[in-house]
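Work through the exercises below with the sequence and the model side by side. Try each task before reading its solution.

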Amino acid sequence: MKIHFLYGSQSGTAEILCDHMMDSLSDGFDGEVSSLDEVDPTDLDGDTFYVLVSATFGSGQVPDSAQSFLETLEERKPDLSCIRFAIFGLGDRSFGETFNNGSKLLMTQMLACNAQMVGERGLHDASSEELPQNVARPWLKGIVDQLSA
Ligand SMILES: Cc1cc2nc3c(=O)[nH]c(=O)nc-3n(C[C@H](O)[C@H](O)[C@H](O)COP(=O)(O)O)c2cc1C
């Protein structure tokens, strides 16, 4: 199975995290990593599983590199009913109400386009002691276990 990791990042953490997650895939999974600004939502492929990883910036917005992807979902509302995805958010609880809002915006719009979400949204808090990969790897394992079941 192909797993395509799509990151929205302002300062690089989400991209590094996607590389960590891809390295953790077992044999039998074919991984790829791209920035969200390299992908058009209307070109998503039903034979691929997508893992979206997005930071939050500004006042609860997606990073610049995720903006066009999000806008295309909002404005063109492509039919994504044959697309399966999971989503992991990078944020910081010290921002209060906007904690991880970027990944929430992306998740909401993917679901509004009828994409099928596997598992729960994973969340990392940059103000915690935990490294992102130590939260994301077990989260991804749970997702992959569901895909393999
Ligand atoms: C200027 C700025 C604004 C931020 N705004 C938010 C926010 O509103 N909500 C949140 O949860 N995290 C916020 N963050 C935290 C980042 O999302 C978090 O540090 C993330 O790990 C960065 O990932 P990246 O390196 O891939 O961009 C902000 C960080 C910065 C520097």
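The model is predicted, so local features need pLDDT of at least 70 and side-chain atom pairs pLDDT 80 or more, while totals for chains, interfaces and linings use all residues. Residues are numbered from 1 along each chain as its sequence is written, and side-chain values use heavy atoms, without hydrogens and water.

**Exercise 1.** Check the span of helix 3 (residues 101-112), and find which of its residues are buried.

Step 1. Helices are DSSP runs of H or I, at least four residues, numbered from the N terminus; strands are runs of E, at least two. The expected span is 1.5 Å times one less than the number of residues. For the 12 residues of helix 3 this gives 16 Å, which agrees with the 16 Å between its end C-alpha atoms.

Step 2. Buried means under 20% relative accessible area (1.4 Å probe, protein chains only). In helix 3 the buried residues are Gly-102, Ser-103, Leu-106, Met-107, Gln-109 and Met-110.

**Exercise 2.** Find which atoms of Ser-9 and Thr-56 lie by an oxygen atom of the ligand.

Step 1. A polar contact is a pair of N or O atoms within 3.5 Å. Ser-9 brings a polar side-chain atom to 2.6 Å from a ligand oxygen.

Step 2. Thr-56 uses a polar backbone atom, 2.7 Å from an oxygen of the ligand.

Note on methods:
Buried means under 20% relative accessible area, exposed over 50%, partly exposed in between (1.4 Å probe, protein chains only). A polar contact is a pair of N or O atoms within 3.5 Å; within protein, one must be able to donate a hydrogen and the other to accept it, and residues adjacent in sequence count only if both atoms are side-chain atoms.
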